[in-house]
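Reader: Could you walk me through this one? I'd like to go from single side chains to the larger picture.

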Amino acid sequence: QVQLVESGGGLVQAGGSLRLSCAASGRTYSIYRMGWFRQAPGKEREVVAAITWSGLSGLSTFYADSVKGRFTISRDYAKNTVYLQMNSLKPEDTAVYYCAADPDPSGHYYRNHEYDYWGQGTQVTVSS
């Protein structure tokens, strides 16, 4: 009932920037929170950033300590899209990045199993 499509990944040198996009369709009005997660080989999927999506709620954003000051999450209701602006990229940022949506306002932004909808992921590779 909610479809998410990520785009914007690619290969970039350390110190460079990328902007990821997540386009939502279907019952977007049911979404409360949107999050970005990433998974590197041999590691668990981890939250990168999250933002409240519902127009009935105030704006709240959350960031993992590893990306604070470098990444920015934002939303555009007109385009049904959430963005992740990634600056000062490091090789350790290399991972598959996933967009996710959670309809439950009582859910926890950092718990990936509480998100109901997921995109297919987009690869981000940062070379040293």
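Author: Let us begin with E46, which is partly exposed because its relative accessible area is 37%; buried means under 20% relative accessible area, exposed over 50%, and partly exposed in between, with a 1.4 Å probe and protein chains only. This is a predicted model, in which local features need pLDDT of at least 70 and side-chain atom pairs count only at pLDDT 80 or more, while totals for chains, interfaces and linings use all residues. Residues are numbered from 1 along each chain as its sequence is written, and side-chain values use heavy atoms, with hydrogens and water left out.

Reader: Which side chain does E46 meet in a salt bridge?

Author: The partner of E46 is R38, at 2.9 Å from N to O, where a salt bridge is a side-chain nitrogen of Lys or Arg within 4 Å of a carboxyl oxygen of Asp or Glu. R38 counts as buried because its relative accessibility is 6%.

Reader: And what does R70 pair with?

Author: R70 forms a salt bridge with D93, and their closest N and O atoms are 2.8 Å apart. R70 sits in the loop between β6 (61–63) and β7, and D93 in the loop between β8 and β9, 23 residues apart; the strands here are DSSP runs (E, at least two residues), numbered from the N terminus. Both R70 and D93 are buried, and salt bridges that share partners join R38, E46, R70 and D93 into one network.

Reader: How many salt bridges are there by that rule?

Author: The count comes to six, and one of them brings together D102 and R33, at 3.5 Å from N to O. D102 lies in strand β9 and R33 in strand β4, so this pair ties together parts that are 69 residues apart in sequence.

Reader: Switching topic, is β8 mostly covered or mostly open?

Author: β8 is mostly covered, with five of its six residues buried. Six bridges join β8 to β3, and the two run antiparallel; strands count as paired if DSSP finds at least two bridges between them. β8 also pairs with β7 in the antiparallel sense over six bridges, and T72 stands opposite Q85 in β8.

Reader: Which residues touch the most other members of the largest nonpolar core?

Author: Of its 29 residues, they are L4, M34, W36, V82, L84, M86 and Y97, where a nonpolar core is a set of buried Ala, Val, Leu, Ile, Met, Phe, Trp, Tyr and Cys residues joined through side-chain atoms within 4.5 Å. A second, separate core of five residues includes F37, V47, A50 and Y115.

Note on methods. Helices (H or I, at least four residues) and strands (E, at least two) are DSSP runs, numbered from the N terminus.
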